[in-house]
Amino acid sequence: PWRKKENQNFYRIWISEVMLQQTQVKTAIPYYNKFLKKWPDLDSFYKATLDDILLEWQGMGYYQRAKNLYLAKEFIKKNKFIIDPVNLKKIPGIGDYISCAIPAILEDQSCTVLDGNIKRIIKRYFDLNESDKSFKTNVEEIAHKLTPKKNNRDYCQSLMDLANIVCKAKVPECEICPVSQDCRSKGNHSNKRVKFFHKFKKRKIGVAFLLEYKDEWLIEHTEKRLLQGLYAFPMTDLIEEESKGLGEKYFTDLILKWKKKHYIKTNHQMIGFVKHSFSHFNLKLLTVNIKLNEKIKFKNLHWMKVKNFKKKPVSTLDKKINRIIFMGIWKRTIYR
């Protein structure tokens with residue numbers, strides 16, 4: 001959709017490029033359409049709160065991007081900017097890639113557009129060794145030399161499409177590649193390292209807490225980088241699972257340590273486990289329920305009515321926790 005004529009303006013290209021930083025095209029498209037439906041232009045986007053943005057963003061991950069969008073639109077609202085790489089980099093969240101991609105796409109400026117996908121094409125086409133010390137420098141020099149003086153708009157977007165459709169990270173489709181004849185790798189793209197990382201992704205465990213007082217839940221408005229800016233159930237620190245299948249004792253220790261830290265003596269009840277995969281580790285999380293007879297104040301945590309919490313931006317992980325909680329409450333009601 002960001003290629004359509006009506007979307008060729010700074011705001012709409014900027015939103016698409018931020019979304020595509022860590023998200024595949026097919027995943028980003030519905031979020032992009034939904035985003036533009038809510039905020040069709042910069043003037044409407046100026047009125048968005050951080051919670052509003054996070055609510056539309058939830059489920060796409062890498063939430064720092066959403067926070068950067070908020071900081072960026074606040075900056076743009078107060079400062080004039082010019083569409084060129086130097087000026088765009090002054091805007092929060094806009095780095096080397098986006099600061100070049102926007103001028104190239106909108107104004108056909110001859111600036112070198114280089115992201116992970118384009119690096120992959122260059123690496124394969126010229127058969128560069130990623131372990132060489134000069135790899136990064138070589139890629140940048142090649143990318144700069146190849147950047148055309150005219151039609152850079154078409155050139156850089158063609159490379160983006162080539163990476164997305166043909167020269168894919170895991171299984172490149174070399175037989176349909178338009179430049180395969182001169183590609184020095186000749187289709188020899190080893191996937192061993194990709195499989196290695198997937199196979200040996202770190203495993204972590206932790207405990208999430210549902211603390212209830214009447215019609216309120218204890219909630220954290222998290223500043224942790226993983227889920228920054230979102231509303232979440234309070235959790236213990238996550239510990240790495242060195243051997244598969246840590247026993248019940250590890251979870252019990254985490255619960256008791258957390259309760260001691262917050263001076264909670266009320267009995268707890270285990271609700272169930274949630275499994276979730278982040279980009280760099282897999283998580284197994286136990287959800288625990290504690291019903292309090294009086295409201296206690298907690299540092300960095302606050303009480304919120306359940307109906308209000310359900311309107312707040314939360315992560316996919318917390319949605320899973322919510323489902324486990326719902327099932328637990330449902331069973332508790334049925335079997336009372």
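The model is predicted, so local features need pLDDT of at least 70 and side-chain atom pairs count only at pLDDT 80 or more, while totals for chains, interfaces and linings use all residues. Residues are numbered from 1 along each chain as its sequence is written, and side-chain values use heavy atoms, with hydrogens and water left out. Helices (H or I, at least four residues) and strands (E, at least two) are DSSP runs, numbered from the N terminus.

**Helix α8**
- Helix α8 covers residues 116–125, and its buried residues are I118, R120, I121, I122 and R124. Buried means under 20% relative accessible area, exposed over 50%, and partly exposed in between (1.4 Å probe, protein chains only).
- Those buried residues pack against α9 (135–146) and α10 (152–166).
- At the start of α8, the backbone nitrogen of N117 has a side-chain oxygen of D115 within 3.2 Å. A polar contact is a pair of N or O atoms within 3.5 Å; within protein, one must be able to donate a hydrogen and the other to accept it, and residues adjacent in sequence count only if both atoms are side-chain atoms.
- After α8 comes D127, with a positive phi near 50°.

**Helix α4**
- In helix α4 (residues 50–57), D51, I53, L54, E56 and W57 are buried.
- The cover over these buried residues includes α1, α2 (25–38), α3 (42–45), α5, β2 (216–221) and β3 (231–232).
- G59 follows α4 and has a positive phi, near 105°.

**Cavities**
- Rolling a probe the size of a water molecule over the atoms shows where empty space is left.
- A cavity is a set of points, on a 1 Å grid over the protein atoms alone, where a 1.4 Å probe fits but cannot get out; lining residues have an atom within 4 Å of a point. Grid points are joined across faces, edges and corners, and a volume is the space filled by probe spheres set on the points.
- There are two cavities of 30 Å³ or more.
- The largest cavity holds about 60 Å³ of space, and among its lining residues are I118, I122, Y155, C156 and L159.
- Helix α10 supplies the largest share of that lining, four residues.
- By class, the lining of the largest cavity has seven nonpolar, three polar and no charged residues. Here Ala, Val, Leu, Ile, Met, Phe, Trp, Tyr, Cys and Pro count as nonpolar, Asp, Glu, Lys and Arg as charged, and the others, Gly among them, as polar.
- The second largest cavity has about 50 Å³ of space, and W14, V18, Q21, R65, N68, L69, P92 and G93 line it.
- Helix α5 (64–78) gives the most to the lining of the second largest cavity, with three residues.

**Cysteines**
- The structure holds zero disulfides, a disulfide being a pair of cysteine sulfur atoms within 2.5 Å.
- C100 is in no disulfide, and its nearest cysteine sulfur, that of C111, is 4.1 Å away. C100 is buried, with a relative accessible area of 12%.
- The sulfur of C174 is too far for a bond, because the closest cysteine sulfur, in C183, is 6.6 Å away. C174 is partly exposed, at 24% relative accessible area.

**Loop residue T236**
- T236 sits in the loop between β3 and β4 (239–240), and T236 is buried, with a relative accessible area of 5%.
- Leaving aside neighbours within four places in sequence, T236 is in contact (heavy atoms within 4.5 Å) with G206, V207, F209, L254 and W258.

Notes: 1 Å grid on protein atoms, 1.4 Å probe; cavity = no way out; pocket = protein on both sides within 12 Å on 5 of 7 lines; lining within 4 Å.
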